[in-house]
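This briefing goes with the sequence and structure shown below. Read the points with the model open beside them.

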Amino acid sequence: MTKAMTKAQIQIFFERLREQRPHPKTELNYESPFQLLIAVLLSAQATDVSVNKATRQLFIDAPDAKSIYALGVERLKTYIKTIGLYNSKAENVIKTCQILLEKFDGQVPDQRKDLEALPGVGRKTANVVLNTAFGQPTMAVDTHIFRVGNRTGLAKGKDVLEVEQRLLKVIPKEFILDAHHWLILHGRYCCTARKPKCGECVVADVCNWKERFDYGAEIPLLPDRD
Ligand code: SF4
């Protein structure tokens with residue numbers, strides 16, 4: 001079983017990820033909290049690349065809640081039909097726009113309970129919006145973060161909520177705002193589900209996953225003995 005990382009290991013882990021990507025960002029394209037919310041909503045079980053492809057024209061033609069609501073479900077579908085689950089996503093987006101217009105003057109609320117009350121918006125989406133659009137120290141645990149947390153010993157938990165709470169507890173304050181993006185990008189490009197790239201990983205020496213040596217991590221030299 002993977003051992004939990006120590007405080008010192010966690011400090012080094014995030015220092016290295018910060019060095020590697022000093023200004024991490026979401027890979028979804030957006031120009032306002034509203035567009036971020038819609039992009040995240042569309043990204044469930046879809047890649048960021050496919051969402052960006054669809055929103056490129058959508059956000060030109062309909063950049064805000066009022067104009068997307070005016071499109072209606074059927075016309076919205078023509079923009080997003082290349083994204084998985086587009087039928088239900090189109091309905092959720094239009095209902096979300098309607099609520100934003102009726103209750104929040106077309107703006108995105110910055111309170112978790114208001115966000116989670118929107119159709120198609122769960123805890124993970126709310127966490128992304130609160131963190132990325134409003135700079136709140138939340139942790140949206142997706143499949144990448146769940147895997148990295150458990151595999152490395154950074155934050156172990158049997159479900160996403162447990163990992164989320166553990167991460168919020170163990171991550172030093174100085175890293176908390178960007179930690180979400182660092183972990184996602186690390187999981188997406190290095191600590192991948194299959195064949196993790198431990199041989200080129202910048203945190204291999206503080207990672208506790210025993211199998212990392214089978215995936216190319218260097219075996220630490222033992223101190224010389226007389
Ligand atoms: S050494 Fe391997 S398992 Fe550990 S964080 Fe790096 S890629 Fe992931």
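## A bent helix

Helix 4, residues 65-80, is 16 residues long, yet its end C-alpha atoms are only 16 Å apart, whereas a straight helix at 1.5 Å a residue would reach 22 Å. The model discussed here is a predicted one. Helix 4 bends by about 105° at Gly72.

**Helix 4 and its surroundings**

- The buried residues of helix 4 are Ala65, Ile68, Tyr69, Leu76, Tyr79 and Ile80.
- These buried residues pack against helix 2 (33-42), helix 3 (48-61) and helix 5.
- In an α-helix there are 3.6 residues a turn, so residues three or four places apart point the same way.

**The chain as a whole**

- The protein chain contains 10 helices and 0 strands.
- Along the principal axes, the C-alpha atoms of the protein chain fill a box of roughly 80 × 30 × 30 Å.
- The protein chain has 226 residues, of which 37% count as buried.
- Among contacts in the protein chain with a separation of 6 or more, 56% are between residues 24 or more positions apart.

**The annotated domain**

- An unreviewed UniProt entry places the feature "domain: HhH-GPD" at residues 42-189.
- The span of residues 42-189 is 68% helix and 0% strand.
- The end C-alpha atoms of this span lie 22 Å apart.

**The four annotated cysteines**

- The UniProt annotation "binding site", from an unreviewed entry, covers Cys191, Cys198, Cys201 and Cys207.
- They are spread over 17 residues of sequence but cluster in space, with a largest C-alpha distance of 10.7 Å.
- Cys191 is in the segment after helix 10.
- Cys191 counts as buried because it has 24 C-beta neighbours inside 10 Å, and a residue needs 20 or more to be buried.
- Apart from neighbours within four places in sequence, Cys191 is in contact with Val148, Arg151, His186, Pro196 and Cys201.
- Cys198 is also found in the segment after helix 10.
- Cys198 counts as buried because it has 20 C-beta neighbours inside 10 Å.
- Apart from neighbours within four places in sequence, Cys198 is in contact with Ala204, Arg212, Tyr215, Gly216 and Ala217.

**Around the ligand**

- There are 15 residues around the ligand, and those that come nearest are Cys191, Cys198, Cys201, Ala204 and Cys207.
- The shell around the ligand is made up of 11 nonpolar, 1 polar and 3 charged residues.

**Two residues with positive phi**

- Asp105 is a residue other than glycine with a positive phi, near 55°.
- Asp105 lies in the loop between helix 5 (86-104) and helix 6 (112-116).
- Asp105 is exposed because 8 other C-beta atoms lie within 10 Å, and a residue with 12 or fewer is exposed.
- Lys195 is a residue other than glycine with a positive phi, near 45°.
- Lys195 lies in the segment after helix 10 (176-189).
- Lys195 counts as exposed because it has 8 C-beta neighbours inside 10 Å.

Key:
Residues numbered from 1 in each chain as written. Predicted model: local features only at pLDDT ≥ 70, side-chain atom pairs only at ≥ 80, totals over all residues. Near = placed C-beta within 6 Å. Nonpolar A, V, L, I, M, F, W, Y, C, P; charged D, E, K, R; others polar. Helix = DSSP H or I, 4+ residues; strand = E, 2+ residues; numbered from the N terminus. Contact = placed C-beta atoms within 7 Å. UniProt positions renumbered as here; feature names shortened; annotations may be inferred. Expected span 1.5 Å × (residues − 1). Bend = angle between axes of the 7 residues up to and from the residue.
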